[in-house]
Amino acid sequence: MSCRAVLSIGGNQGDALELLRGVVDAAAADGILRAASSVYATPPWGGVEQDDFLNAALLVEHPGTPADVLEWGFARERAAGRTREVRWGPRTLDVDVVTADVDGETVVSDDPILTLPHSRAAERAFVLVPWLEIDPDARLAGVPVTDHLAALDPADVSAVRRLPGTLAPRGRVAPS
């Protein structure tokens, strides 16, 4: 079994950039990283007053199931001291599975723990913009991600600001 998944990673507490780099480094060390986007600064989503987020997208290929990929992400969140006190509130790290294919077949799930594709991904420029950077032909729920992005408020899209630098893994990278 092989699970290819798109992850959206972000945070706005502590050293958010270092925490994002830690996720990329862990994915590289585990041999699952296939691509990492640039880092983007984005305004908070969901109406909770807080600092801007740093966001990125990863493409991973994991030997397990989408649930295993989610648990891998939860382990990164726990390591970063993530707490879940306020919905859409500030956080050290958030790792979401946006979409997943198992052995080339797109997974659709309405499980409340792991809904695939992610139920609000099409509404979030901070997910779509970094994702398109690493996969310009990406599709979400059968629709090109470019179409989802074009349907969003242009102000929301332009608020996603690419930062200089890279999230390339540090140190030795396992071969893909």
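I looked up the second largest pocket first: 16 residues line it, and Thr99, Asp101, Thr106, Trp131 and Arg139 lie nearest its centre. Strand 1, strand 5 (94-102) and strand 9 (139-140) are the elements that each give two or more residues to that lining. A pocket here is an open set of points on a 1 Å grid over the protein atoms alone, where a 1.4 Å probe fits, with protein on both sides within 12 Å along at least five of seven lines; lining residues have an atom within 4 Å of a point. Strands are DSSP runs (E, at least two residues), numbered from the N terminus.

This is a predicted model, with local features needing pLDDT of at least 70 and side-chain atom pairs pLDDT 80 or more, while totals for chains, interfaces and linings use all residues. Numbering starts from 1 along each chain as its sequence is written, and side-chain values use heavy atoms, with hydrogens and water left out.

Next I checked strand 4 (residues 53-62): nine of its 10 residues are buried (under 20% relative accessible area, 1.4 Å probe, protein chains only). I then went through its pairings (at least two DSSP bridges between two strands). Strand 1 (residues 3-11) runs antiparallel to strand 4 over nine bridges, with Cys3 bridged to His62. Strand 2 (residues 33-36) joins strand 4 through three antiparallel bridges, and Leu33 has Val60 as its partner. Strand 3 (residues 40-42) also pairs antiparallel with strand 4 over three bridges; Thr42 stands opposite Phe53.

Definitions and conventions: Buried means under 20% relative accessible area, exposed over 50%, partly exposed in between (1.4 Å probe, protein chains only). Helices (H or I, at least four residues) and strands (E, at least two) are DSSP runs, numbered from the N terminus.
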